[in-house]
Amino acid sequence: MQLSLNLSDDDQAKSTYPVLTITASRRGLTGAQKKRLASLIRRIRPEEVLHGDCVGGDADCHRIVTACSRALVGVYPSDRSGQRAFCGGVEVKAVPRPPLERNRTMVRRSSLVVAFPASFS
């Protein structure tokens, strides 16, 4: 299922979704997903963006968010260090937790959750 956000000019004036959580495949984002994320970030202007600091998609998202916006970046790493990207330049860094526990924390803090699975472009 795809969600399409139709934002008016008023929505673009201030963030409709102040805290955005992004989750993505460890395979990384496709070119189309990278473009969609950059467009989304510019349109909704989140105040804070959270991700799980995993290699692949989370690291891709981190680079795009920091390049496209002035949002605070919050990293909620897994306690499985072999899967971590160790993204730098973050304003909020949580203590490493088991993946499902940290995912629940990010979702609870979020206004919007966006997922980029490996099987979709």
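I take helices (H or I, at least four residues) and strands (E, at least two) as DSSP runs, numbered from the N terminus. The model is predicted, so local features need pLDDT of at least 70 and side-chain atom pairs count only at pLDDT 80 or more, while totals for chains, interfaces and linings use all residues. Residues are numbered from 1 along each chain as its sequence is written, and side-chain values use heavy atoms, with hydrogens and water left out.

**Entry 1: H51.** I located H51 in strand β2. I looked up its burial (buried means under 20% relative accessible area, exposed over 50%, partly exposed in between; 1.4 Å probe, protein chains only). H51 counts as buried because its relative accessible area is 2%. I then listed contacts (heavy atoms within 4.5 Å). Beyond its neighbours within four places in sequence, H51 touches residues including I22, H62, C87 and M106. For polar contacts I required N or O atoms within 3.5 Å, one able to donate a hydrogen and the other to accept it within protein, with residues adjacent in sequence counting only if both atoms are side-chain atoms. The side chains of H51 and H62 make such a contact at 2.9 Å. A polar side-chain atom of H51 also lies 3.0 Å from the backbone nitrogen of D53.

**Entry 2: helix α4.** I found P99, R102 and M106 to be the buried residues of α4 (residues 99-109). They lie on the same side of α4, because their arc (directions from the helix axis to the C-beta atoms) is only 75 degrees. Their cover includes β1 (19-24) and β2 (48-51). The face turned away carries exposed L100, R104 and R108.
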